[in-house]
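Me: Hi! Could you walk me through some helix packing here?

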Amino acid sequence: MGGVPSTPRFADSRPQDTAEYLIATFVGEKSFPLASDFWQKLLELPLSLHWPSHRVHQACEAFAQNNCYTRHLAKILIHLTWCLQECISSSGTASVAIMKAINAVYISSVFLKYLIENAESENFEELHLSLDESEPLPKEFVLDQNIENLVMHSVLSFIALVDVSPHTYNLHQELLNFMLVAMSTQLLSVPSLGPKDVHPFIDAAMTEESSLVCSVVRRLLLNYITRPRISVNSSSYSIFSEENQPGVLQRVGSAAATIVLLPFNYLVSSNGEGSSNPLTDCSLLVLLVLIHYHKCVENDESITDRSDDSATSDSLAKSSTHFTVNPYCNALENARDIEFGHMDLEGNAHSGPVVRLPFASLFDTLGMYLADETAVLLLYSLVQGNSGFLEYVLVRTDLDTLLMPILETLYNASKKTPNQIYMLLIILLILSQDSSFNASIHKMILPSVPWYKEHLLHQTSLGSLLVIILIRTVKYNLSKLRDVYLHTTCLATLANMAPHVHRLSAYASQRLVSLFYMLSRKYNKIADRRDDKKGNLTEQDSFAEDMSAELHIYTDFLRIVLEILNAILTYALPRNPEVVYAILHREEVFQPFKSHPRFNELLENIYTVLDFFNSRLDAQRVDGEWSVEKVLQSIIINCRSWRGDGLKMFTRLYFSYEQESHPEEFFIPYVWQLVLSRCGFSFNPSAINLFPVDLPVKEESNDDGEPNKHQNGELNEQRVNIDP
């Protein structure tokens with residue numbers, strides 16, 4: 001251990017000398033029983049070690065080598081449990097117990113993280129989370145207690161039961177950090193979970209009683225909503241190793257306790273950006289990790305082989321797997337607004353504990369922080385899984401609180417990750433499944449949209465802005481990401497909105513017709529490439545197959561746009577003269593597709609509208625040349641006499657979103673990428689198997705133009721018959 005003293009020097013020694021001795025003893029070869037006064041000295045002594053990273057690494061190596069027979073990790077976790085139990089019984093007012101708990105959880109986190117990063121066994125045997133049978137035990141401790149269950153129960157109980165206050169703030173922060181460390185075993189697994197995957201601490205968290213689970217989910221969400229900050233009497237500081245390099249532990253100090261300061265590659269982001277509110281950030285990240293975890297288990301069931309006609313049958317053991325219910329996800333999905341008391345939206349009393357939250361505060365907080373990717377994922381989790389919160393969002397009269405930050409983020413898509421864009425688009429799709437949402441967004445008028453630079457948007461409806469941004473996202477995706485699913489999600493949302501469009505702005509109407517032209521150019525380009533290669537026999541089969549598949553995709557896209565236009569003309573033409581004007585102005589873009597077998601019926605309706613208004617314009621005499629204003633005024637007048645004669649009625653196009661059967665393959669890696677980037681939580685890259693670490697988090701564009709596909713959800717197209 002280099003400069004670490006080899007013998008005790010308590011008498012007449014400086015506090016730092018004593019601290020160095022205790023840490024050296026903790027990682028050393030000698031095993032101290034649970035009842036030894038060594039543990040009290042270790043946890044009560046104010047520790048302020050400033051070690052360079054290489055000494056910390058040496059200490060971790062020694063600990064990993066000796067823990068197999070000292071079992072000091074298990075023992076300090078047990079002491080952490082006892083400290084937390086004392087803190088809970090005193091409601092967080094016992095200063096000594098809080099100091100001991102902070103030191104215990106911090107020391108545990110540092111060495112536990114090293115063991116996890118360097119684990120080689122599939123079930124993390126290197127942690128040695130048990131005591132030796134010959135271990136002398138206090139009367140109150142039973143040998144066969146599951147230590148991971150014990151510590152996770154105590155950690156979760158403290159988080160749930162003890163309020164965040166200036167006195168307990170640091171311990172809450174340390175416990176959240178500990179949970180991220182303890183649950184980071186997932187980083188070593190592949191995205192496809194199997195029954196042999198073992199994650200000791202998060203698996204233990206999944207076994208807790210529903211009452212505690214609900215209390216934990218409520219506390220983490222309240223931390224996110226209230227965003228508690230450290231008291232003015234406390235100070236925040238960090239100690240950096242040589243040349244300000246990563247590999248330093250950023251700590252929060254306070255008058256309540258003096259915290260270990262080991263320069264360790266633990267909680268400092270590589271980009272050097274600090275969190276504005278670490279407790280809030282970690283609360284949300286811990287919640288996201290908990291709700292998106294899925295435990296795969298194996299079950300055996302007997303099936304009977306009846307493949308022959310004999311009187312006897314063979315009973316075969318069929319091995320299959322299933323995912324257990326995630327209690328944290330279940331608690332979030334069943335959370336209810338505190339304003340509804342003990343009754344849900346349908347007026348039925350809930351059986352068992354339920355998370356009750358101030359939905360109004362949660363709505364407002366999400367609106368303020370949707371620029372952050374973690375907030376986007378929380379909003380997605382709520383609107384996708386919690387019908388009560390979704391209903392609350394849909395009845396709010398200030399939908400711009402959520403929609404404006406969503407649309408601004410999509411406007412700046414080039415600066416965002418593809419996953420963030422994807423989540424936002426799915427949120428919009430889920431909202432668009434409700435007809436009242438589609439109607440209300442056109443009633444809200446925005447005086448201006450200062451962040452939209454391409455065109456001056458003055459007195460534009462929120463619905464028109466949504467149409468503009470969705471079409472702009474399609475254009476961006478067409479040139480950069482080339483992701484089929486993003487295209488489909490944008491078009492699906494527009495299709496759901498179409499029958500309810502009201503007074504779509506001139507600019508939005510122009511962009512809608514331009515969308516068809518933009519996709520038609522892509523369609524023609526693919527068709528030309530396919531035709532050009534048909535003569536090349538060596539490339540014909542594979543290339544033609546690829547081109548035909550992509551051509552089919554864009555044929556579907558064009559048809560959806562035509563159905564969008566048809567829905568507006570069929571159900572909302574009198575209310576949308578600007579859409580009629582835009583179609584009249586660019587009618588030549590539809591001409592090449594009039595005879596296309598997939599489009600001809602839909603285009604017949606569009607040309608019926610064109611013929612009606614063109615004939616009215618031709619019959620009308622005007623003084624001088626036709627101006628935009630005169631044409632538009634004529635359209636407005638003739639909209640009053642429009643009866644829809646000659647239009648063919650098609651079943652209304654409707655899309656809904658459903659998660660795929662294995663969403664964890666997308667969400668678990670995504671959540672942990674957010675943990676690593678948002679909370680400053682660093683991890684040994686070579687140990688990560690959950691996602692590729694040699695590539696940036698942001699997905700690359702596909703150079704060969706082939707579309708990428710996401711795997712976490714799917715669209716369900718539903719045809720709803722609507723009487724004309």
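**Helix pairs**

Reply: Happy to! In α15, L403, I406, L407, T409 and L410 meet Q420, I421, L424, L425, I427, L428 and L431 of α16 (contact means heavy atoms within 4.5 Å; helices are DSSP runs of H or I, at least four residues, numbered from the N terminus). The residues of this α15 and α16 contact divide into ten nonpolar, two polar and no charged (Ala, Val, Leu, Ile, Met, Phe, Trp, Tyr, Cys and Pro count as nonpolar, Asp, Glu, Lys and Arg as charged, the others, Gly among them, as polar). This is a predicted model, where local features need pLDDT of at least 70, side-chain atom pairs count only at pLDDT 80 or more, and totals for chains, interfaces and linings use all residues. Residues are numbered from 1 along each chain as its sequence is written, and side-chain values use heavy atoms, leaving out hydrogens and water.

Me: At what angle do the axes of α15 and α16 cross?

Reply: Roughly 140 degrees, with the axes of α15 (residues 400-411) and α16 (residues 418-432) coming within 10 Å (axes are lines fitted to C-alpha atoms over the stretch in contact, and angles run from 0 to 180 degrees between N-to-C directions). That makes α15 oblique to α16 (under 35 degrees is roughly parallel, over 145 roughly antiparallel, 65 to 115 roughly perpendicular, the rest oblique).

Me: New topic: which residues link α22 and α24?

Reply: The axes of α22 (residues 577-585) and α24 (residues 628-639) cross at roughly 125 degrees, within 9 Å. P577, E578, V580, Y581 and L584 of α22 make the contact with V628, V631, L632, I635, I636 and C639 of α24.

Me: And how many of those are charged?

Reply: One, alongside ten nonpolar and no polar.

Terms used
Helices (H or I, at least four residues) and strands (E, at least two) are DSSP runs, numbered from the N terminus.
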